[in-house]
Amino acid sequence: MIGVNGLSREVGFLARDRAALLWLGIAVLIAGVSVALGLREIASQHAVLDDLRASDQAEREVVTDLYRDWGDVAYYTFHLTYDPPADFAFAALGQRDISPWKHNIRALALEGQIYETDAQNPDFALIGRFDFAFAASLLAPLLLILLLHDLRSGERAAGRFELLGATAASQGSPWFARAALRTGALALCLIAPLWIGGLSSGSGVSKLALASLVVALHIVFWWVVCALVDRAGWSSPVNLTALVGVWLALAVVVPTAIKVWVEAAVPLPDGGEIMLTQREAVNDAWDLPKPATMTPFIERHPEWADYVEVRQPFEWKWYYAFQQVGDQTVAPLSLAYRDGRARRDRLAGSLAWLAPPALAERSLQAIAGTGVAASLAYEQRVRDFHSALRNYYYPRLFREEPFTEASVASRPEFDALKRPEATTPPLRGTPP
Amino acid sequence: MLAARSLSVERSGRKVVRDVSFNIQAGEVHALLGGNGAGKSTTLLTFLGFLQPSSGSVEVRGLEVNGNVEAARRAIAYLPEAASLYGHLNAFENLRYFLSLAGADTSRKELDAALDSVALQADARGMRMRTYSKGMRQKVAIALAILRNTPILLLDEPTSGLDPVAIDEFNRLVRDLAGAGRTILLVTHDVYGACHVADRIDLLQNGALVGAFERPAGMDRIDTEAVHAAFARHAGAIQ
């Protein structure tokens, strides 16, 4: 272990090592920039939500003023649903780059509304955003490799290795102290900007501590890798080549292979297929006899069996019934899609132990609530809310209740703050 | 203080030291003389525990090095050939770093005294060592070996890079250290220097001892001509 004297000696030595200071400075810069970019992105998402919330309320008031028919009100009223970023999301944006986190939904067929929304920039699905999780899981190992790859081999090349070994009071000295100090310094350079950003954004200390632990363990893993390669006694260039090769394998090749294998092992329909199938079902309903819609609707909603007779060519209850049937038509596809995403996520999570950078990134996303599980949980909250909307409108549409503003006031509102834990949600079909 | 007993060492599958034995008493200066690849430095590194004997053993203060490496190293100050200390540190910083590594706490006065003893210019001591000549770097390394204040010094080509005046000063320093009770094993291919400083010279050729010379009682050096002739006969060429 390192004594106080050994630590102060190596701190002084490190403080005079310009190359090491350069890499540590770059680590601070990378972590600082990634945290700043993450905070800016989250601030931008909050600003978008502020704007949307304001316009959402205003638009609903306009619709309520304009229309006095429940069918029109249900048709023209949009409801903002969204997944507000958690306070730690700045560190690991995760699925917020890939999966939608806000929808403007109506009481129409839902599944198409969920899956027609695209991510802001699909390219991010390929390269990911430059957030702290990316910096800590993929770039930090490279910096540690640069700091440690020539710890012994550099001294050997300079003709100091035997002198250092012969002079040191203990056999592990000064190598352990040097490596520990550099590893610790790198972890500190990464974690300090995270804490500054986290505390300024209101992140809980427990989340910051947990994220710091993930970063520290990941860095320690790479320290062990560097130590193993260093023990082979190769020259510095060979060490560097070997370590970069290991990094390439664990950070790029293995995660890519896992992704390819998981996608092959767990096939799933794409969101576009769900949307198209639902739209076809809804559009076809216009040309079908009314019972073709109302019969499957009643199977799901027997409580409205006494109200299914449609006398006019167009009635709102029939219109909303075939919207519902559209959802019922794609329910198996939608369930397969969500189930597939959850299974892929679980499988990828298990296999991530083979690729520590991917494991670290996933862990940070889990802490930030930005993983696939959180995305699926949000979609389920949208479904639950949409189900509540239908339960609100159906009695008014089927019983043809008169429109009253008092009744509008009791309409369900989406509660974005009702956040379940970021665990895989129970998979349910389209709610009745 | 130091002993090699039927020592053989292999490196990369090749036997580079063959059945070498010697015994060095306290206060004695012992030189291993030989050409390049004779096995001199390998023998030194075996005393420091960096290399393991393939057969035989080496002992430091009666303890076999194998299994007692830390104890052996604590008793030894080692001066490697063309010692390259840290170029981004000055002489004082280098000495403090290495001495701290050895667990020693040394005052500025003691550092200056050691650097005085190796005749390093005072105005150069605060300069970064990357600006030093090879000889100046060697002087700082010698000062380090002195400051370690160990009973044994292992010196690998210690006068390499030194000018003739500095070599004479170094030889005097070695004799003084021996006179103060230090045991010194130096390896060199400098016949003249070895004859002037050593109490005993073992001649190494292809890893084997091929000759031994001792300082005759009452003489201030070993017979240079005799060593020179033996060296030439065995090595084929004087370095």
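Predicted model: local features only at pLDDT ≥ 70, side-chain atom pairs only at ≥ 80, totals over all residues.
At one end of the order, β9 (residues 200–205) and β10 (residues 208–214) of chain B are paired in the antiparallel sense over 6 bridges. The two strands form a hairpin with 2 residues between them, and B:Asn206 in the turn has a positive phi of about 50°. Within this pairing, B:Ile201 has B:Phe213 in β10(B) as its bridge partner, while B:Leu203 stands opposite B:Gly211 in β10(B).

**The antiparallel sheet of chain B**

Chain B also holds an open sheet of 4 strands in the order β2-β1-β4-β5, where the pairing is antiparallel. Strands β2 (14–24) and β5 (63–64) of chain B each have a single partner strand, so one side of each is left without a neighbour in the sheet. Helix α1 (residues 40–47) of chain B packs on this sheet as well, touching β1 (2–11), β2 and β4 of chain B. Its direction makes about 115° with that of β1(B). Strand β4 (residues 55–60) of chain B pairs with β5(B) over 2 bridges in the antiparallel sense, and B:Glu59 stands opposite B:Glu64 in β5(B).

| Strand pair | Sense | Bridges |
|---|---|---|
| β9(B) and β10(B) | antiparallel | 6 bridges |
| β4(B) and β5(B) | antiparallel | 2 bridges |

**Domains of chain B**

The domain assignment divides chain B into domain 1 (1–75 + 152–239) and domain 2 (85–149). The C-alpha centres of domain 1 and domain 2 of chain B lie 24 Å apart. Contact between them involves 10 residues of domain 1 of chain B and 7 residues of domain 2 of chain B. On the side of domain 1 of chain B that touches domain 2 of chain B, helix α6 (residues 164–179) of chain B gives the most, with 4 residues.

**Nonpolar cores**

The largest nonpolar core has 80 residues, of which B:Leu33, B:Phe47, B:Ile76, B:Val140, B:Ala143, B:Leu154 and B:Ile201 touch the most other members. Helix α5 (residues 134–147) of chain B supplies the largest share of this core, 9 residues. Both domains take part: the core draws at least three residues from each of domain 1 and domain 2 of chain B. Leaving aside residues up to four places away in sequence, B:Ala143 touches B:Leu95, B:Ala114, B:Leu115, B:Ser117, B:Val118 and B:Leu120. A second, separate core of 55 residues includes A:Ala136, A:Leu190, A:Leu194 and A:Val214.

**Helix packing in chain A**

In chain A, helix α2 (residues 18–66) and helix α6 (residues 132–148) pack at an angle of about 175°, with their axes 10 Å apart. The helices α2(A) and α6(A) are therefore roughly antiparallel to each other. Among the residues of α2(A) that meet α6(A) are A:Trp23, A:Ile26 and A:Ile30. The α6(A) side includes A:Phe132, A:Phe134, A:Leu139 and A:Leu143.

Notes. Residues numbered from 1 in each chain as written. Chains lettered and ligands numbered in written order. Pairing = 2+ DSSP bridges. Contact = placed C-beta atoms within 7 Å. Axes fitted to C-alpha atoms, helices over the stretch in contact; angles between N-to-C directions. Core = buried A, V, L, I, M, F, W, Y, C linked by C-beta atoms within 7 Å. Buried ≥ 20, exposed ≤ 12 C-beta atoms within 10 Å, placed from the backbone. Domains from an automatic or database assignment. Parallel < 35°, antiparallel > 145°, perpendicular 65-115°, else oblique.
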